[in-house]
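I opened my notebook to look up a few things in one structure. Here is what I was looking at.

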Amino acid sequence: MKLIHLSDTHIGHGNNVQRMQSLLDDIAGLGNPAEYLIVHTGDLNDNSSADTMQQSRALLDPLAEKGWRILLAPGNHDCGDALHVDPARGALFKDTFSSYIFGRQPKQFPVLTLTDDCALIGLDSNEAEMGFWERWMAEGNLGDKQIAALNALLDRPDVRQRKVIVYVHHHPFFDAFAVRADVGDKGILSHLFNWNTRRFRRLKDAYSLMQCIRDRVDILLFGHQHFGLDYSAEGQRYGIPLTLDGSSSTATQMDTDRMRYRVIDVATGRFETRFVALP
Ligand SMILES: [Fe+2]
Ligand SMILES: [Fe+2]
C-alpha cells in the first residue's frame, strides 16, 4: 500500500483549479489505483462557499470513479477561513464531501478506515473550535472527547495489528524552518509578524494529542502551515517513525515553488516527493 499525501490545495484561490487538475492527472498516471490511497489533509477549498465546494467535487469525482480511494480531513478554510471557523460551513463541508471524509463509516470523528495492512484514522481539528468563544483564529482544537475516542481506537486489536496512520489538518509542532527568514528575505513587516506569532500558530491541544499517540502510530500526516517539511525528527521523539507536513500541494502561498505531493510506501516508511510542472 502506498499513500499519496495531498494538502492545502485551496481550490477557489487563483488558478488552483488548473493546478489541482495537473496534480490529479499526474496521480492518475501513476498506475493501478488499487495500490494507492490518497490522503488529503485539509484546506481542500480556499473558501467554504457552496460553489467552491462543487468545483472541488468536480475535480475529485472523476478520479474516484476511476477507482482511486480518497480520504479527506477538514481544514479551517473548508469550515470558514484563515481566522475563524463556522459550524454551518463545517456542516456543509461534511455533507458535500461525506463520501471522502467518512466513506461507509459512521459520520463522526475520529473516523477509521481499515485496509488489509493499514488502519487510517482521520481527525477533525476544527471540532472543538466551533463554539462562539473558541472559533476565532482557527488554530485548531481537537477537544477532549475526540482525543478520548482516539485513545480507545488505538487500543483496538484490529487497529494495533496494522500499520497505523493518523491524518489531521492542523500543525502539532511550534517551529517550522530551523533557519528562519531574514529581514531582507521577507520584508520587515512580514518578518516581525512571523517572528512574533509563530509560537502561537499550533494546534491548541497538540500536547494532549502527542501524549495520546506517542509510540502507537507509524505515520502522522498534517498540513495547514504550508511549510512542507519532514518533521520525523520531531515525531521520533514521540516514537512515531514518520511525520510529514504536506505543504500546499498547489503551492498557494509559495508562488515560486512547484506543485508537489508525496508518495509514501507504508511498509518501508520511505517516500518520494513528486514535482509537477505548472500548467
Ligand atoms: Fe492551508
Ligand atoms: Fe489551514
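My entries follow, topic by topic.

**Ground rules.** I note that this is a predicted model, where local features need pLDDT of at least 70, side-chain atom pairs count only at pLDDT 80 or more, and totals for chains, interfaces and linings use all residues. Residues are numbered from 1 along each chain as its sequence is written, chains are lettered from A and ligands numbered from 1 in the order written, and side-chain values use heavy atoms, leaving out hydrogens and water.

D8 sits in the loop between β1 (2-6) and α1 (16-28), and D43 in the loop between β2 (36-40) and α2 (50-65), 35 residues apart. Helices (H or I, at least four residues) and strands (E, at least two) are DSSP runs, numbered from the N terminus.

Are D8 and D43 buried or exposed? Buried means under 20% relative accessible area, exposed over 50%, partly exposed in between (1.4 Å probe, protein chains only). D8 is at 0%, so D8 counts as buried. D43 is at 1%, so D43 counts as buried too.

**Helix α1.** I listed the buried residues of α1: N16, R19, M20, S22, L23, L24 and I27. They pack against β1, β2, α2, β9 (259-265) and β10 (271-276). Contact here means heavy atoms within 4.5 Å.

**Salt bridges.** How many salt bridges are there? I got eight. The rule is a side-chain nitrogen of Lys or Arg within 4 Å of a carboxyl oxygen of Asp or Glu.

- R274 pairs with D26, the closest N and O atoms being 3.0 Å apart. R274 is in strand β10 and D26 in helix α1, 248 residues apart.
- D124 pairs with K94 at 3.1 Å between the closest N and O atoms. D124 is buried, because its relative accessible area is 0%. K94 has 22%, so K94 is partly exposed.
- E139 pairs with K204 at 3.9 Å between the closest N and O atoms. E129, E139 and K204 are linked in a network of salt bridges.
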